[in-house]
Amino acid sequence: MFTIGDFARHGRVSVRMLRHYDATGLLRPAKVDPASGYRFYAASQLARLNRIVALKDLGFTLEQVRIMVEEQLSVDELYGMLRLRRAQLQSQIAADSSRLAQVEARLRIIEMEGAMPVQDVQIKKIPAVRVAELNAAAPSLEPDSITPVIQPLYGELGNRLGQAGMTPVGPGIAYYSDLPDGDGVLVHATCPVNAGSEADDSHGFEIVDLPEVQAATIVHHGSMDNVLATIQVLARWIEENGYQSAGYPRELYLECPEDADKWVTELQEPITRS
């Protein structure tokens, strides 16, 4: 038998927590000295304690924990629940990290207000190009909405081009359009291809002709998750030089190494004279 202090140390919980579990009936001592009131625990009770702590850390209430402990869940069932909770926590951490990165990006832009460089913007006539395309909807233009959509699109487009025996003849071009209901955007992932005028969708992609446009362009260095500052430089230049935006900027992926921080992307925003 172990004193409550010794049992707490072996279970890596606090004495206060063990007293709480006793009071709520989750984990009663194996023995209580009638004279002193001291609590004593058996080593075999560590198994129940481990289940209680694991289930509580999964986010269950103590009442739910009580029911599940009484049902004597198997090790496999507990492990399955732990794996599910781990995946949920990892997803939450990734989402929180993405939001934090976007907050930091906006703070950097705020710090740069009044001193944002515009000398790298150029006007170009972007020629028409024939592309193979896949598209899918995204809830917004936020990076944490676009990235999970566009990356699988390009992976699948590459696979389908290979199956069709077609090879891209230039870097990928992404562009965006509004959804009919105005809720979110349609993400278009494309690759330039040499293809006939007859569109053949038998391979699961479309052949689309992107029209010639006059565009204000700027080169973005780094991950597209951090493109906001570059986009706002472009917006300021367009307004200050007497132009109007004529649509979402295209993204021409000039260099896409495995390290996204080393990407080089040209933003091409269609413009008209004000």
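Biologist: How many residues does helix α3 have, and how far does it reach?
Modeller: In this predicted model, α3 covers residues 46-57, twelve residues. From its first C-alpha to its last it reaches 16 Å, close to the 16 Å expected at 1.5 Å a residue.

Biologist: Which residues of α3 are buried?
Modeller: They are Leu49, Ile52 and Leu55. Seen down the axis of α3, the buried residues fall within an arc of 135°, so they line one face of the helix.

Biologist: What follows α3?
Modeller: Gly59 follows α3, and its phi is positive, near 105°.

Biologist: On to packing. Which residues touch the most other members of the largest nonpolar core?
Modeller: Leu161, Tyr176, Val187 and Phe205 do, in a core of 32 residues. Elements giving two or more residues to this core include β5, β7 and α7, while α6 gives the most, with six residues.

Biologist: And what lies apart from that core?
Modeller: Another core, of 19 residues, lies apart from it; Ile4, Ile52, Met68 and Leu73 are among them. Ile52 is also one of the buried residues of α3.

Biologist: Now the cysteines. How many disulfides does a search of the whole structure find?
Modeller: The search finds zero.

Biologist: Are they buried or exposed?
Modeller: Cys191 is buried, with a relative accessible area of 11%, whereas Cys256 counts as partly exposed, at 42% relative accessibility.

Key:
Residues numbered from 1 in each chain as written. Predicted model: local features only at pLDDT ≥ 70, side-chain atom pairs only at ≥ 80, totals over all residues. Heavy atoms only, no water. Helix = DSSP H or I, 4+ residues; strand = E, 2+ residues; numbered from the N terminus. Expected span 1.5 Å × (residues − 1). Buried < 20%, exposed > 50% of the residue type's maximum accessible area, 1.4 Å probe, protein only. Arc of directions from axis to C-beta. Core = buried A, V, L, I, M, F, W, Y, C linked by side-chain atoms within 4.5 Å. Disulfide = S-S within 2.5 Å.
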